[in-house]
Amino acid sequence: MWDWAIWAALILVALAGFAALALLAVRLRDVWRSFDETRRTMIRGLDELTLSAEEVAEKAAVAGDTAELEETLGRLRVSLARLAVLRDALDEAQVTFRPATALLPRR
């Protein structure tokens, strides 16, 4: 008398099991795709890092030319000396005009 209920329950359990297996397969496929994409991204990033390191090595080799480096450092020293003179002049001007600027309105 209850045979139909038992068979219906068994069919329902079997369908639920197949659905669970299908869902598991879909999730495993998504995990694999994510893993594969992450691996590709990491390899691409490492390739870019390698290229960047090679460029830096080439630039360092070019910078090893001491004549050009000394010339550049000489120009840098002159520029820094000029900057120091201009800073001193600006500091002196600020000290000189501080009383006058105290009366100016501020925003």
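A residue counts as exposed when its relative accessible area is over 50%, as buried when that area is under 20%, and as partly exposed in between. The legends below apply these words to a predicted model.

**Figure 1. Overall view of the predicted model, a protein with two helices and zero strands.** The protein has 107 residues, of which 1% count as buried. Its accessible surface comes to about 10,200 Å². Carbon and sulfur atoms account for 69% of that surface. Helix 1 covers residues 3–63. A search of the whole structure finds five salt bridges, and the structure also holds one aromatic pair.

**Figure 2. Close-up of a nonpolar patch on the surface, formed by Met 1, Trp 2, Trp 4, Ile 6, Trp 7 and Leu 10.** Together these six residues present about 870 Å² of accessible area. One of them, Leu 10, is placed in helix 1. The relative accessible area of Leu 10 is 47%, so this residue is partly exposed.

Figure 3. The partners are Trp 32 and Phe 35, whose ring centres are 5.5 Å apart. Their planes meet at 40°, and the pair is therefore tilted. Trp 32 has a relative accessible area of 55% and is exposed. Phe 35, at 48% relative accessibility, counts as partly exposed.

**Figure 4. Close-up of the salt bridge between Arg 29 and Asp 30.** Side chains of opposite charge can pair when their charged atoms come close. Here the N to O distance is 3.7 Å. The cut-off for a salt bridge is 4 Å, so the contact between these two side chains counts as one. Arg 29 is partly exposed, with 42% relative accessibility. Asp 30 is partly exposed too, its relative accessible area being 34%.

**Figure 5. Close-up of a network of salt bridges that links Asp 36, Glu 37, Arg 39 and Arg 40.** Asp 36 and Arg 39 are three residues apart in helix 1, so about one helical turn separates them. Asp 36 and Arg 40 are four residues apart in helix 1, and again the separation is about one helical turn.

Figure 6. Is Asp 36 buried or exposed? At 14% relative accessibility, Asp 36 counts as buried, because the cut-off for that word is 20%. Arg 39 has a relative accessibility of 39% and counts as partly exposed. Arg 40, at 41%, counts as partly exposed as well.

Notes. Residues numbered from 1 in each chain as written. Predicted model: local features only at pLDDT ≥ 70, side-chain atom pairs only at ≥ 80, totals over all residues. Heavy atoms only, no water. Patch = residues over 30% accessible without salt bridge, like charges linked within 9 Å, V, L, I, M, F, W, Y side chains within 5 Å. Areas by Shrake-Rupley, 256 points an atom, 1.4 Å probe, with all protein chains shown as cover. Buried < 20%, exposed > 50% of the residue type's maximum accessible area, 1.4 Å probe, protein only. Phe/Tyr/Trp six-rings, centres within 6.5 Å; stacked < 30°, edge-to-face > 60°.
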